[in-house]
Amino acid sequence: MKQSINNLRSQKSKAHGYRFTVGRCLQVAAALVFLVFVGRFLYLGISQTVNGRNLSQRTEQLYKRNQVLKASRGTIYDRNGLAVAQDSHLYTVYAILDKTSINYKNKPEYVVNKSKTADKLATVLPISASKILQYLNPSHSAFQVQFGAAGSGLTKRQRDQIVKMKLPGIKFFETPARLYPNGNFASHIVGYAEPEYDKKTNTENLVGTMGLEAWYNDLLSGKDGTQISSVDAANYQAPNHAQSYRAPKNGNDLYLTIDSQLQDYLENRLSDVQQTYNPVSMTAVVEDMKTGKILAASQRPTFNPQTKKGMDKSYRNILVQDTFEPGSVFKVLTLSAAVDSGNYHPNQYYNSGSVSVGGSVIHDWQSSGWGSIPFSQAFPRSSNTGFVHLEQQMGAKTWHKYLKKFRINQKTGVTLPGEQSGLLAFKSPVDQAVTSFGQGVNVNVMQMMQAFSSLANEGQMVKPQFVEKETDASGKTIKSYQVQDVGDPVYSKQTAQVVLKNMKRVLNKRIGTGATYRMDHQSIAIKTGTAQIANPHGGYLKGDNNYIFSVVGVTPAKKPRYCVYITMKQPRRMVKPAETILASIFKPVMNRTILMSKNEHDTTKLVTVPNLTKMSFQSAKQKASQLGLKLVKLGRGNKITAQAENKKMQVGNKLFVRTTKKITCPEMHGWTLNDLQQFATLADIKLDLKGSGVVQKQSIKPGATIKPGTKLKIELKE
């Protein structure tokens, strides 16, 4: 019994010892943990770094906002100050549906009342409330949803309307955009700019990818600014904290040499021919030959930079990126070389029809020829054999010297990306012979315009140019237009007159190839061209339409100032002769150019548009009338709230102003493209245009209320 008690006491003593030991171990462990925490806190307090990152800086960053201040891209204007490309911003609306989205004030950042939200959005978006409700009730769980095409491409006015509704969960993201108000308008010249994501600034910037937008991208882009500020926990700007601000520098503006009215007219004529005869391609250029200023230029196929319609099929700029054999218009160069070198004898005869060179036979376009004729008829008849004889009389060395003077096979350096220099085959006697009539030599359109400019400048070529001047954002001129001579004069003043007399004879009904281009009471001189197209498998393509047809004309004939050059490749519906098709473009465009030249010194044709906003309509109407403008009111109010953004306008044109938010559709019959563009901008609608000319039909009836974002279909007709 006594032994049992001793055993029990021994066991209790051991248990107590174990508890003491465990307790002491726990105390030591707790002390060690405490020491570790204290040491860590002391380390953090002294070093203020974690994993090499400064805690003070990290805390400061949490309450610092580094905002990029976007610079506006410069505007591109025509020579009269009418905008053809300008900065814009588009918005996409989206809805947050996830109910965990709560802000710091414990208020919902998600759509609370879907029916109410749908009804409100339907008053701005071109989509029904029921369709919006479908988007807000997706078949599967989603954090946020968008509303398809109807919810994208919104204007600032549409965005502001929705913001004022204060709908929970409705958000926007902004996309920089470029506005091209004229649609198909020198599209490959003006070019195109599109948003590109910048990883450094985490923003989207407009970048030129084609035409002048690309060439002058740095000048147009400007430089973004920055604003660095401190905020509190509620994301409000903290007082008494230093702010850093660097203002954005907006891009410079470009004023082009292009005349909008002439350009629009040229576009319409090209579109008509494209629709009727369906050529593979076309180019057309109008130039002031004295200065090198391009007044109008376009191509087919083309695209609409505003809608991007046709862009996938016409990305190449045919004017500089494609080269071609020019055909008989090249004889202008050959004749000038022969005359200037003393190898043109107009009264000397030769046998037309065919000529043998190096074992090959070269034929005239009329294979039987015209018998024995004087060299004075070689140019107006466009005789290939006559020009082969002229090349042989000059000799290959002399002819090649003039080709180099004309800068054939050299880039013009015109301010358009991707210019190709062309090719010149000049090794064999046959190669040398066929270059005399524009085969075996590949050029681009601008090289030909540069060569033709010598006719107006006593043999001196001038460089084609598209930019009249550059200005900064304040309107100060940075760089003015300068005529750029190219090399030394190619030939003399007397030579130019001989060539021009021959070009006038092309219009002669008896011996000329260009009688179709005759214009009564107008002084013009021309040269026609029909170039064969190389077959990929060797030789040339056969068939009546497998040619590049062309015409170049200058006016006035004796002292030329303006040049019109048109090419047309392989019309697939050639129901009329090529010269008839080309004349349907050439004659009206040349006539319009002549009329324009007569009025070019008339300073009253364009007026600066005043700011009429906040004025009463009657006062504004009187002021506009004094300037020769016709004021058109949109809305039933009396106070002007907005007006079309035109700096200058043609006397007699309509100027649109807005007086109320609610707009009804007017009767548009007879409206011009400019009228439609002003209306579309002020009404926040989208245009779907078909045809060219003036309005014949409209999809929305006059008097109907127009909602922002609505698509208006318009049929135009000459």
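Predicted model: local features only at pLDDT ≥ 70, side-chain atom pairs only at ≥ 80, totals over all residues.

Modeller: Residues are numbered from 1 along each chain as its sequence is written, and side-chain values use heavy atoms, with hydrogens and water left out.

Biologist: In what order do the 3 strands of the open sheet lie?

Modeller: Strands are DSSP runs of E with at least two residues, and helices are runs of H or I with at least four, both numbered from the N terminus; two strands pair if DSSP finds at least two bridges between them. The pairing is mixed, and the order is β34-β37-β35.

Biologist: Which residue in β37 stands opposite K697?

Modeller: β35 pairs with β37 (residues 711–717) in the antiparallel sense, over 4 bridges. In β37, the residue opposite K697 is E715.

Biologist: What angle does the direction of helix α19 make with that of β34?

Modeller: Contact means heavy atoms within 4.5 Å, and α19 (residues 673–683) packs on the sheet, touching β34, β35 and β37. Axes are lines fitted to C-alpha atoms, for helices over the stretch in contact, and angles run from 0 to 180 degrees between N-to-C directions. For α19 and β34 the angle is about 165 degrees.

Biologist: Which element gives the most to the lining of the second largest pocket?

Modeller: On a 1 Å grid over the protein atoms alone, a pocket is an open set with protein on both sides within 12 Å along at least five of seven lines, a cavity is a set of points where a 1.4 Å probe fits but cannot get out, and lining residues have an atom within 4 Å of a point. This pocket has a volume of about 830 Å³, and of its 29 lining residues the closest to its centre are S328, W365, N384, T530 and Y547. With 5 residues, the element that gives the most is β25.

Biologist: How much space lies in the largest cavity?

Modeller: Grid points are joined across faces, edges and corners, and a volume is the space filled by probe spheres set on the points. The count comes to 2 cavities of 30 Å³ or more. V84, Y180, N182, G183, F185, S187, V190 and P305 line the largest cavity, whose space is about 40 Å³.
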